[in-house]
Amino acid sequence: KHLLSGPAVCEWLPDLVDRLDALAVYNTENLEEMLRAFLAQHQIKAGQLITAVRIAVTGQTVGPEFIRVLLCLGQGQVVKRLRRTVDSIRKTPNRSG
């Protein structure tokens, strides 16, 4: 869970949720294209995004291929779980200070 509490995740995760929710066609090609653009815009590494999202949607740090996990869960379930994670992060007091 600590992997989801960093300030960087708080900055980009809400935007990622909105972009996933806005995908008109939720398929491999569109997910990969959106994620590549997202990573470039936010200047974050793929591993950071994959780990945070995987933990948020599955509760695990490792598992099957990332895009396959997102497709198997479905757009609605992924967005719901990520929104819940964003809400949880926002409600958690900052423990670093």
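The protein chain exposes about 6,000 Å², and carbon and sulfur atoms supply 52% of that area; such accessible areas come from the Shrake-Rupley method with a 1.4 Å probe, and for residues only the protein chains shown count as cover. What you are looking at is a predicted model, in which local features need pLDDT of at least 70, side-chain atom pairs count only at pLDDT 80 or more, and totals for chains, interfaces and linings use all residues. Residues are numbered from 1 along each chain as its sequence is written, and side-chain values use heavy atoms, with hydrogens and water left out.

Of the 97 residues in the protein chain, 35% are buried (buried means under 20% relative accessible area, exposed over 50%, and partly exposed in between, with a 1.4 Å probe and protein chains only). The secondary structure comes to five helices and zero strands, giving the pattern α-α-α-α-α along the sequence. Helices here are DSSP runs of H or I with at least four residues, strands are runs of E with at least two, and both are numbered from the N terminus. Among contacts between residues at least 6 apart in sequence, 61% join residues at least 24 apart, where contact means heavy atoms within 4.5 Å.

Let us start with helix α1, residues 7–22, where Asp 18 is found. Asp 18 counts as partly exposed, at 43% relative accessibility. The C-alpha atoms of Asp 18 and Leu 82 are separated by 9.8 Å, although these residues are 64 apart along the chain.

Next, follow the chain to the loop between α2 and α3, which holds Gln 43. Gln 43 has a positive phi of about 50 degrees and is not a glycine. Most residues other than glycine have a negative phi. Gln 43 is also exposed, with a relative accessible area of 74%.

Now for the way the helices meet. The axes of helix α2 (residues 28–42) and helix α4 (residues 66–73) come within 10 Å and cross at roughly 125 degrees. Axes are lines fitted to C-alpha atoms, for helices over the stretch in contact, and angles run from 0 to 180 degrees between N-to-C directions. α2 and α4 are therefore oblique to each other: angles under 35 degrees count as roughly parallel, over 145 as roughly antiparallel, 65 to 115 as roughly perpendicular and the rest as oblique. On the α2 side, Thr 28, Leu 31, Glu 32 and Leu 35 meet Phe 66, Ile 67, Leu 70 and Leu 71 of α4. These residues divide into six nonpolar, one polar and one charged (Ala, Val, Leu, Ile, Met, Phe, Trp, Tyr, Cys and Pro count as nonpolar, Asp, Glu, Lys and Arg as charged, and the others, Gly among them, as polar).

Helix α4 also meets helix α3 (residues 46–58), with axes that come within 11 Å and cross at roughly 30 degrees. α3 and α4 are therefore roughly parallel to each other. Leu 49, Ile 50, Val 53, Arg 54, Val 57 and Thr 58 in α3 meet Phe 66, Val 69, Leu 70 and Leu 73 in α4. That contact has eight nonpolar residues, one polar and one charged.

Finally, α3 packs with helix α5 (residues 75–91) at an angle of about 100 degrees, their axes 8 Å apart. That makes α3 roughly perpendicular to α5. Here Val 53, Ala 56 and Val 57 in α3 meet Val 78, Arg 81, Leu 82 and Thr 85 in α5. By class, five of the residues in this contact are nonpolar, one is polar and one is charged.
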